[in-house]
Amino acid sequence: MPGTVRSVRVVLLGPPGSGKGTQAARISSRYGIPAISTGRLLDTEIAAGTPLGRRAESFVRAGELVPDDLVLDLVASRLFGARAAAVLDHVPAGTVVAAAGTGSRAAGTGTAVAEAAVTPVPDVCSGFLLDGFPRTLAQAEAFDARFAAAGCALDVVLDLDVDESTVLARIARRSRDESRLDDDEETARRRLKVFAERTAPLRAYYAARGILRTIDGSGTPDEVAGRIDAVLRSLPDHRH
Ligand code: AMP
């Protein structure tokens with residue numbers, strides 16, 4: 001039943017093509033927490049031609065990581081609402097995203113929601129899902145230093161475990177079905193290599209903090225969602 005897990009702060013880890021976006025949307029709907037995808041935030045900046053977008057574009061196109069300072073600025077803006085153009089990638093209908101006594105509601109799916117800009121810190125920290133962030137140790141450490149210290153500590157990091165051939169097949173299918181900046185095969189391989197070198201070390205970082213949970217990412221989206229659900233429901237302090 002929706003709403004039985006609340007206030008959970010989740011990171012979705014996993015290589016490109018592991019199904020993070022699909023699962024992020026499901027978790028967001030099911031638990032009423034906003035999903036924040038740095039990949040999508042970057043796409044929005046690039047499409048809008050903002051200074052940040054212009055700095056980020058060549059990295060995204062090449063399958064490289066965007067510099068940490070840019071990504072941290074984006075996440076801070078989204079979480080702490082410094083920017084009016086905060087983007088919620090997926091907010092379930094009826095979810096209160098901007099409290100501040102106004103009770104504003106976002107009913108969109110994938111639209112920019114300006115009210116989120118006034119979301120106060122405690123509300124933001126009451127639950128969110130980060131999809132595709134952090135991707136480097138420096139990002140993870142900066143997040144802990146800036147946000148965990150402000151009462152936004154992560155509860156769980158879900159590591160979607162999918163083998164490389166499955167990931168490449170999924171990326172190939174996606175590049176036929178969607179138009180992304182970075183889904184040709186060479187770039188896809190580059191992104192996988194970057195994941196292995198820069199992002200995979202986060203597993204040890206979060207395992208050492210006792211919050212890493214490995215999820216078998218094979219099978220249908222429903223099967224994977226069921227495994228995630230079991231983990232989220234087993235977390236202490238998040239049940240009603
Ligand atoms: P995604 O949609 O999460 O696969 O992200 C698409 C691209 O955006 C990545 O290949 C990177 O170029 C960039 N990107 C997204 N998130 C981050 C991040 N946390 N750090 C650096 N670059 C990122």
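**Around the ligand, and beyond**

Author: Of the contacts between residues at least 6 apart in sequence, 71% in the protein chain join residues at least 24 apart; two residues count as in contact if their C-beta atoms, placed from the backbone, lie within 7 Å. What you're looking at is a predicted model, in which local features need pLDDT of at least 70 and side-chain atom pairs count only at pLDDT 80 or more, while totals for chains, interfaces and linings use all residues. Numbering runs from 1 along each chain as its sequence is written.

A word on confidence before zooming in. pLDDT is the predictor's confidence in each residue, from 0 to 100. The protein chain averages 80, and 75% of the residues score at least 70. Helix α9 (residues 201–208) has the highest mean, 98, while strand β4 (residues 104–106) has the lowest, 35. Over residues 82–120 the pLDDT is below 50, although beyond near neighbours in sequence this stretch has 74 contacts in the model. Altogether the protein chain has ten helices and seven strands; these are DSSP runs numbered from the N terminus, with helices (H or I) of at least four residues and strands (E) of at least two.

Now the part I'd pick: the shell around the ligand. Which residues come nearest to the ligand? They are Thr-38, Gly-39, Leu-65, Val-66 and Gly-132, out of 18 residues around the ligand, where a residue is near if its C-beta atom, placed from the backbone, lies within 6 Å. The elements giving two or more residues to this shell are α2 (38–48) and α3 (51–62), and α2 has the largest share, with three. By type, the shell divides into nine nonpolar, five polar and four charged residues. Here Ala, Val, Leu, Ile, Met, Phe, Trp, Tyr, Cys and Pro count as nonpolar, Asp, Glu, Lys and Arg as charged, and the others, Gly among them, as polar.

Ala-56 counts as buried because it has 23 C-beta neighbours inside 10 Å; the cut-off for buried is 20 or more other C-beta atoms within 10 Å, for exposed 12 or fewer, with partly exposed in between, and C-beta atoms placed from the backbone. Beyond four places in sequence, Ala-56 is in contact with Leu-42, Glu-45, Ile-46, Val-66 and Leu-70.

Glu-64 sits in the loop between α3 and α4 (68–80). Glu-64 is partly exposed, because 15 other C-beta atoms lie within 10 Å. Not counting residues up to four places away, Glu-64 touches Phe-59 and Val-194. Val-194 is 130 residues along the chain from Glu-64, yet their C-alpha atoms are 6.9 Å apart.

There's also a backbone detail to look up: Phe-133 and Pro-134 are joined by a cis peptide bond, with omega about -5°. Pro-134 is in the loop between β5 (128–131) and α6 (137–152).

The buried residues of α1 pack against β1 (9–13), β2 (35–37), β5, β6 (156–161) and α10. Among those buried residues are Ala-24, Ile-27 and Tyr-31. After α1 comes Gly-32, which has a positive phi, near 65°.

Finally, the whole chain: 38% of its 240 residues count as buried. The largest nonpolar core has 39 residues, of which Leu-12, Leu-129 and Leu-158 touch the most other members; such a core is a set of buried Ala, Val, Leu, Ile, Met, Phe, Trp, Tyr and Cys residues joined through C-beta atoms within 7 Å. Beyond four places in sequence, Leu-158 has contacts that include Val-10, Leu-12, Ile-215 and Val-231.
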